[in-house]
Amino acid sequence: MKSAVIVFPGLNRDRDMIAALTKISGTAPAVVWHQDADIPDVDLVVIPGGFSYGDYLRCGAIAARSPIMDKVRERAARGVKVLGVCNGFQILIEAGLLPGALMRNTSLKFVCREVKLEVTNADTAFTRGYSNGQIIRCPVAHHDGNYFADAETIARIEGNGQVAFRYAEGTNPNGSINDIAGILNDSKNVLGLMPHPENLIEAAHGGTDGRALFAGLLDKVA
Amino acid sequence: MKARVTVTLKAGVLDPQGQAIEGSLKSLGFSGVGAVRQGKVFDLALEGTDEAAARSQITDMCERLLANTVIENYAIEISN
C-alpha cells in the first residue's frame, strides 16, 4: 500500500496523518510539498487538516487553486483514492472534487471536542471497516465545517449514498445540513470529512475508533 | 482603471455572521434593522483601458477564485 500526503503552507495536522498512515500501513507515506511537480505513483492521496494559507479568502480556497491540485484531480479521475480531512475536506470542496460548500459554524465558534458519528454508507473503500449505522467516536476541531448544498444537490448525494458519515446523537457541532460530517464523490473514490479519524487510532489517544477507516482502506488498496 | 468586486451570500444561504452583527446592532440600540447580510469587497487596480475586456477578465476571476459560486453571488463595478 502506497500513500502520499500533500502538504500546503499552514497545514498543521500533516504529522498526525503521516504517523497514522505509517503506524497502520507499516509504510511511511510520501510527503508531497505543494510546489512539487507531481505526486508519486500511489494508491491513496491524503490532504490533511490545518489552516492552509491562513484560511485567507475562504478556507481551502487558495490551496485548491494550486497546481498540485490538478495532479490530485488527475489521480482522482483515474480512480486513485483521495481522502481530505478537515482543511483537506475544505480544499477538496473548493477544488470541485466534492459537491457543496463548507461554511462558518452556526455557533460562530471554533469547536474542538469529541463527537459521535454514524457510519451512513459502509459500502465504500473508506468505510468498509465499519458497519452501516455503527456509531463511532471522533474528535473535531474546526471553525468552518457547516456543510451546505442546494436542495437538489442534497437530494442527489443522499440518494446516491454519497453521505459517508453523519453527526449522531445530537452532537452536530456546526449546523451542517442533515448532520452531514463526511461526503463522497459520485464514484466513491474521494472522501472528505471534517472529523479527525487520524487522531483516534491508538490507546494513547483514548480510543481507536478512527483506525478502521485507514485499516479498511489499506486492505482494499494493498 | 479600477474595479470593485462585491461578493455576497446567495439568498437562502444561512449567514450566522450577519445574524450576529444584526444582534449587536440591536444591542447598541439601533432600531428598525430587519436583517443583516455580510459579504466581502475586493478593490482591484487594473492596467489597460478596455472596460469590456476588464469586465470579462474579472468575471473569470470571480468564477475561478474570488467567489464560491455554490454559495456566493458577485457584482462588478468598473471606474476610471
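Two residues are in contact if their C-beta atoms, placed from the backbone, lie within 7 Å. Keep that rule in mind as we walk through this structure together.

Residues are numbered from 1 along each chain as its sequence is written, while chains are lettered from A and ligands numbered from 1 in the order in which they are written. This is a predicted model, in which local features need pLDDT of at least 70 and side-chain atom pairs count only at pLDDT 80 or more, whereas totals for chains, interfaces and linings use all residues.

Leaving aside residues up to four places away in sequence, Leu92(A) touches Ile47(A), Gly84(A), Leu97(A), Leu98(A), Val190(A) and Gly192(A). Together with Ile6(A) and Leu117(A), Leu92(A) touches the most other members of the largest nonpolar core, which has 73 residues. Apart from that core lies another, of six residues, including Val7(B), Ile58(B), Leu66(B) and Ala67(B).

A nonpolar core is a set of buried Ala, Val, Leu, Ile, Met, Phe, Trp, Tyr and Cys residues joined through C-beta atoms within 7 Å. A residue is buried if 20 or more other C-beta atoms lie within 10 Å of its own, exposed if 12 or fewer, and partly exposed in between, with C-beta atoms placed from the backbone. In soluble globular proteins, nonpolar side chains tend to be buried together.

**The annotated site**

The unreviewed UniProt entry marks Cys86(A), His196(A) and Glu198(A) as "active site". These three span 113 residues in sequence, yet no two of their C-alpha atoms are more than 11.0 Å apart, so they gather at one spot. UniProt positions are given here in the numbering of this text, feature names are shortened, and annotations may be inferred rather than shown by experiment.

Cys86(A) sits in the loop between strand 4 (81-85) and helix 4 (87-94) of chain A. Helices (H or I, at least four residues) and strands (E, at least two) are DSSP runs, numbered from the N terminus. Beyond residues up to four places away in sequence, the contacts of Cys86(A) are Arg13(A), Gly49(A), Ala141(A), His142(A), Met194(A) and His196(A). Glu198(A) belongs to the loop between strand 11 (190-193) and helix 6 (211-221) of chain A.

| Residue | C-beta neighbours within 10 Å | Class |
|---|---|---|
| Cys86(A) | 30 | buried |
| Lys188(A) | 18 | partly exposed |
| Glu169(A) | 11 | exposed |

**Strands of chain A**

Strands of a sheet pair through backbone hydrogen bonds, either parallel or antiparallel. Two strands count as paired if DSSP finds at least two bridges between them. Strand 6 (residues 111-119) of chain A pairs in the antiparallel sense with strand 7 (residues 135-142) over eight bridges, and also in the antiparallel sense with strand 9 (residues 163-168) over four bridges. Lys116(A) stands opposite Arg137(A) in strand 7 and opposite Ala168(A) in strand 9.

In a regular strand the side chains alternate between the two faces of the sheet. Strand 7 of chain A has Ile136(A), Cys138(A), Val140(A) and His142(A) on a covered face, and Ile135(A), Arg137(A), Pro139(A) and Ala141(A) on an uncovered one.

**Two loop residues**

Most residues other than glycine have a negative phi, and most peptide bonds are trans. Glu169(A), though not a glycine, has a positive phi of about 55°, and is found in the loop between strand 9 and strand 10 (180-184) of chain A. Lys188(A), also not a glycine, has a positive phi of about 65° and lies in the loop between strand 10 and strand 11 of chain A.

**Chain B**

Chain B holds an open sheet of three strands in the order 2-1-3, with antiparallel pairing. Strand 2 (39-45) and strand 3 (72-79) of chain B stand at the edges, each with a single partner strand, so one side of each is left without a neighbour in the sheet. Strand 1 (residues 2-9) and strand 2 of chain B pair in the antiparallel sense over seven bridges, with Ala3(B) opposite Leu44(B).

Where chains A and B meet, the contact takes nine residues from chain B and 11 residues from chain A. Helix 1 (residues 16-27) of chain B supplies the largest share of the chain B side, three residues.
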